[in-house]
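Student: I would like to learn how to read the secondary-structure packing in a model like this one. Please go through it feature by feature.

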Amino acid sequence: MSAFTIREASEKDVPRLLEIYGPYVTDTVISFEYEVPSLEEFASRVRRIQEKYPYLVCEEDGRIIGYAYADTYMVRRAYDWCAEASVYIDRECRGRGAGKLLYQALFERLRAMHILNLYAVVTSENEKSLAFHEKLGFQTFAVFEKAGYKQGRWLDVIWMQLFLGEHEERPKSVRWAKKPNI
């Protein structure tokens with residue numbers, strides 16, 4: 001069995017990340033995007049996210065097979081201790097543990113940043129993702145009925161949360177990856 005390597009994404013990784021993401025847009029209701037973003041748009045997203053949060057890739061034998069990142073939950077300062085997490089695995093490589101390793105590495109980095117609340121937004125039809133998040137300790141706290149329309153039908157969205165740390169009376173300041181543009 002091959003070993004996985006988790007590392008921070010780089011600019012040169014973007015074409016492969018987009019290759020992994022594209023089928024989630026075109027073939028599923030997992031992503032609510034209708035069109036696969038351009039390479040330039042996707043690269044811009046990665047750069048923007050990396051200004052504040054980790055953006056990790058998982059390699060197997062030198063080939064990227066998945067990625068995970070955190071992003072802003074809400075823009076107001078009172079939400080600084082919250083983030084939204086996403087993970088995408090090459091559809092040929094799912095079920096082998098890469099997603100779990102990516103999330104564990106992401107959680108570790110977010111804890112070091114003093115992020116306390118982590119959210120996942122999952123389409124209700126994505127039962128594998130719901131089960132995956134539950135196994136990692138996420139709990140459902142909201143269902144947004146008929147929140148999105150894709151592939152000819154209305155879709156519910158499930159919001160899940162995971163507390164990464166204790167909510168102290170005076171929380172530690174969040175340590176951004178880089179200085180945020182706020």
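Tutor: What follows takes the sheet, the helices and the cysteines in turn.
This is a predicted model, in which local features need pLDDT of at least 70 and side-chain atom pairs count only at pLDDT 80 or more, while totals for chains, interfaces and linings use all residues. Residues are numbered from 1 along each chain as its sequence is written, and side-chain values use heavy atoms, with hydrogens and water left out.

Student: In what order do the seven strands lie in the sheet?

Tutor: Helices (H or I, at least four residues) and strands (E, at least two) are DSSP runs numbered from the N terminus, and two strands pair if DSSP finds at least two bridges between them. Here seven strands form an open sheet in the order 1-2-3-4-5-7-6, with mixed pairing. Strand 1 (4–8) and strand 6 (139–150) are the edge strands, each pairing on one side only. From one strand to the next the twist averages 25 degrees; axes are lines fitted to C-alpha atoms, for helices over the stretch in contact, and angles run from 0 to 180 degrees between N-to-C directions.

Student: How many bridges join strand 2 to strand 3?

Tutor: Six, and the two strands run antiparallel. Glu60 stands opposite Arg63 of strand 3. The hairpin of these strands has two residues between them, and Asp61 there takes a positive phi near 55 degrees. On the other pairing of strand 2, five bridges link it to strand 1 in the antiparallel sense, with Arg7 facing Val57.

Student: And what is the sense of pairing between strand 4 and strand 5?

Tutor: Strand 4 (residues 82–89) and strand 5 (residues 117–123) are parallel, over three bridges. Glu84 is opposite Tyr119, and Cys82 is opposite Asn117. Strand 4 also pairs with strand 3, antiparallel, through seven bridges; Tyr69 stands opposite Ser86 there.

Student: Which residues point each way from strand 2, and are they buried or exposed?

Tutor: Buried means under 20% relative accessible area, exposed over 50%, and partly exposed in between (1.4 Å probe, protein chains only). Tyr55, Val57 and Glu59 point one way and Leu56, Cys58 and Glu60 the other, and all are buried. In strand 4, six of its eight residues are buried.

Student: How should I read a pair of packed helices?

Tutor: The description uses the angle between the two axes and the distance between them. The axes of helix 1 (residues 14–26) and helix 2 (residues 39–50) come within 10 Å and cross at roughly 105 degrees. That makes helix 1 roughly perpendicular to helix 2, where under 35 degrees counts as roughly parallel, over 145 as roughly antiparallel, 65 to 115 as roughly perpendicular and the rest as oblique.

Student: Which residues of helix 1 and helix 2 meet?

Tutor: Val14, Pro15, Leu17, Leu18 and Tyr21 in helix 1 touch Leu39, Phe42, Ala43, Arg45 and Val46 in helix 2, contact meaning heavy atoms within 4.5 Å. Ser44 also lies in helix 2 and is partly exposed, at 33% relative accessibility.

Student: How many disulfides does the structure hold?

Tutor: A disulfide is a covalent bond between the sulfur atoms of two cysteines. The structure holds zero, the criterion being a pair of cysteine sulfur atoms within 2.5 Å. For Cys58 the closest cysteine sulfur, in Cys93, is 8.9 Å away, too far for a bond. Cys58 is buried at 0% relative accessibility, and Cys82 is buried at 8%.
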